[in-house]
Amino acid sequence: MDLLWTNHVAYPCAIRIQEASMNERPAPETFPVTPRNRAKRLHERAAYDRDAVYAVLDAALLCHVAYVIDGQPYCTPTIHWREGDWLFWHGSSASRMLKTQKAGLPVCLTVAHLDGLILARSGFHHSANYRSAMCFGTARIIDDPQEKADALKSVVDRFYPGRADILRDNDPQEAKGTMVIGMRIEEASAKIRSGGVSDDPADVDAAVWAGVIPVETRLGTPEICPKVPAGVGYPDHLAHFQEGRRLDEVLTESQQLYEKALERS
């Protein structure tokens, strides 16, 4: 793998994971299980294989990044994207989190999807169906100019594959005002709950409504900007962004299209 060294940390050159290089040193199918990422409760819902973790990450746009600065914990919501075992996110150059991460900072990045509300016959057994992932690593700023420029294109193309090519380049002030963070996933776990109500046998005859209320986020009707010139139609690269589709399914498909584009590049 071609590597660019920044603060003694290797980043994939131009944020590109090359298939041939990956085949030379194939990653294990599972992340290592350590005290840091091992599920302590309801461990039967946990998974440590890359496919399970990636599926949760790739179906989301928003993550939360937790970290500690001078003994004070913070948790920042932001947009993330993934290339192989690498996670990336960006923000303002004035961000406290990003400034601190320039020298390298241990972080925990999490993603969660709410899939259903579980109403049981006792308060104790009320729950939710969900998919979640927790990833650990050391985050640092991507400060090589070309690598940063490529990353700022990737944050567009990961969600809207092919769109960056039709946009103008970021101007110097926009690039200066934006920081990009990269983190190789060192340890990770997924945790998933699906299914119905789990009541105690003694409660099932109670005259109380119980069941599951499904929760989904679906795409609405696109609302075109009134300043778009006449004749400009809905672009082909948004063909899978169809009204009524589930957002998590659309984002997963975007990730798949993005990865295919990386393989061809």
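Is Cys135 buried or exposed? Cys135 is buried, because its relative accessible area is 0%, and buried means under 20%. Keep in mind as you look around that this is a predicted model.

**Cysteines**

Let's stay with the cysteines for a moment. The structure holds zero disulfides. Cys135 is in no disulfide, and the nearest cysteine sulfur, belonging to Cys108, sits 7.7 Å away. A disulfide would need the two sulfur atoms within 2.5 Å. Another cysteine to look up is Cys225, which is partly exposed, with a relative accessible area of 41%.

**The loop between S10 and S11**

Now have a look at the loop that runs between strand S10 (187-193) and strand S11 (211-214), where you'll find Trp209. Trp209 counts as exposed because its relative accessible area is 59%, and exposed means over 50%.

What does the side chain of Asp199 join up with in a polar contact? The partner is the side chain of Arg121, at 2.5 Å. If you set aside the neighbours within four places in sequence, Asp199 is in contact with Ala120, Arg121, Ser122, His125, Val204 and Ala210.

**Ile142**

You can find Ile142 in the loop between strand S8 (127-141) and helix H4 (145-157). How far apart in space are Ile142 and His90? Going from C-alpha to C-alpha, the two are 9.7 Å apart, while 52 residues separate them in sequence.

**Salt bridges**

Time for the charged side chains. The count comes to 15 salt bridges.

| Salt bridge | N to O distance |
|---|---|
| Arg168 and Glu174 | 2.8 Å |
| Arg218 and Glu216 | 2.6 Å |
| Glu216 and Arg246 | 3.5 Å |

Take the pair of Arg168 and Glu174 to begin with. Arg168 is exposed, with a relative accessible area of 58%, whereas Glu174 is partly exposed, at 30%.

Next comes Glu216, which pairs with Arg218 and also forms a salt bridge with Arg246. The Glu216 and Arg246 pair links distant parts of the chain, 30 residues apart. Both Glu216 and Arg246 are placed in the loop between S11 and helix H6 (247-264). As for how open these side chains are, Glu216 counts as partly exposed at 43% relative accessibility, and Arg218 counts as partly exposed at 45%.

Which residues are linked with Glu216 in a network of salt bridges? Asp115, Arg131, Arg218, Arg246, Asp248 and Glu249 are the ones linked with Glu216 there. If you'd like a place to start on screen, pick Glu216 and follow its salt bridges to Arg218 and to Arg246.

How values were computed: Residues are numbered from 1 along each chain as its sequence is written. This is a predicted model: local features need pLDDT of at least 70, side-chain atom pairs count only at pLDDT 80 or more; totals for chains, interfaces and linings use all residues. Side-chain values use heavy atoms; hydrogens and water are left out. Helices (H or I, at least four residues) and strands (E, at least two) are DSSP runs, numbered from the N terminus. Buried means under 20% relative accessible area, exposed over 50%, partly exposed in between (1.4 Å probe, protein chains only). A polar contact is a pair of N or O atoms within 3.5 Å; within protein, one must be able to donate a hydrogen and the other to accept it, and residues adjacent in sequence count only if both atoms are side-chain atoms. Contact means heavy atoms within 4.5 Å. A salt bridge is a side-chain nitrogen of Lys or Arg within 4 Å of a carboxyl oxygen of Asp or Glu.
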